[in-house]
Amino acid sequence: ETVFEALIKPEQIQRWFASRSSVVPVVGGLYDIGWGDKYGLLKILEIVPNDKLKLSWPDPQRETILTWTLEGSGGRTRVTLVHSGFAPDENTDGLHYGWLNFMGWLKSLCEYGAHWQPPILKLPAGLEHIYPASINAAQNELIVIP
């Protein structure tokens, strides 16, 4: 339940993934992560509470599919993420790096709950919208050493 809530509740999604979030949790519902019309408006293709969330993620080149599968395992949850729909020769290295970060943040959020705080890192200018709202909010806490 904790992991599924982190995937579906806007206030949780904004802690680890989205800059702004709104979710209509039904098949065909909008899953907006706040990355703009070009990258952040996903659609729910399948939703099975505490088990599976499948999203259509359109971008200017193609539509890709995100499938989150949750499986109980010894009192824990095994999370499997498949991001599919890419050409066999397409370079997806940047996606691997991004999903590795997001999955780490999701894991920490679920394990530490309300006590988890996101990393505070200087966001690249112009890319703030693709980072979680929680990291954006912490920008004024950075100490800049000249």
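Predicted model: local features only at pLDDT ≥ 70, side-chain atom pairs only at ≥ 80, totals over all residues.
**Notebook: salt bridges and pockets**

I started in helix α3, where glutamate 111 and lysine 107 sit four residues apart, so about one helical turn separates them. (Helices are DSSP runs of H or I of at least four residues, strands are E runs of at least two, and both are numbered from the N terminus.) Their side chains meet in a salt bridge at 2.8 Å, N to O. My cut-off for that term is a side-chain nitrogen of Lys or Arg within 4 Å of a carboxyl oxygen of Asp or Glu.

Residues are numbered from 1 along each chain as its sequence is written, and side-chain values use heavy atoms, with hydrogens and water left out.

I then searched the whole structure and got three salt bridges. One of them joins glutamate 90 to arginine 62, with the closest N and O atoms 2.2 Å apart. This pair links distant parts of the chain, 28 residues apart: glutamate 90 is in the loop between β6 and α3, arginine 62 in the loop between β4 and β5 (63-73). Buried or exposed, arginine 62? Arginine 62 is buried at 17% relative accessible area, whereas glutamate 90 is partly exposed at 25%. (Buried is under 20%, exposed over 50%, partly exposed in between, with a 1.4 Å probe and protein chains only.) I also noted lysine 52 with glutamate 46, at 3.4 Å, N to O.

Next, pockets. I take a pocket as an open set of points on a 1 Å grid over the protein atoms alone, where a 1.4 Å probe fits, with protein on both sides within 12 Å along at least five of seven lines; lining residues have an atom within 4 Å of a point. Of its 21 lining residues, Trp35, Trp57, Gly94, Leu95 and Ile130 are closest to the centre. Helix α3 (residues 93-112) gives the largest share of that lining, eight residues.

The second largest pocket comes out at about 360 Å³. Which element gives the most to its lining? It's α3 again, with five residues.

Last, a backbone check: asparagine 50 has a positive phi of about 65 degrees, though it is not a glycine. I found asparagine 50 in the loop between β3 (41-48) and β4 (52-58).

Terms used:
Points joined across faces, edges and corners; volume = space filled by probe spheres on them.
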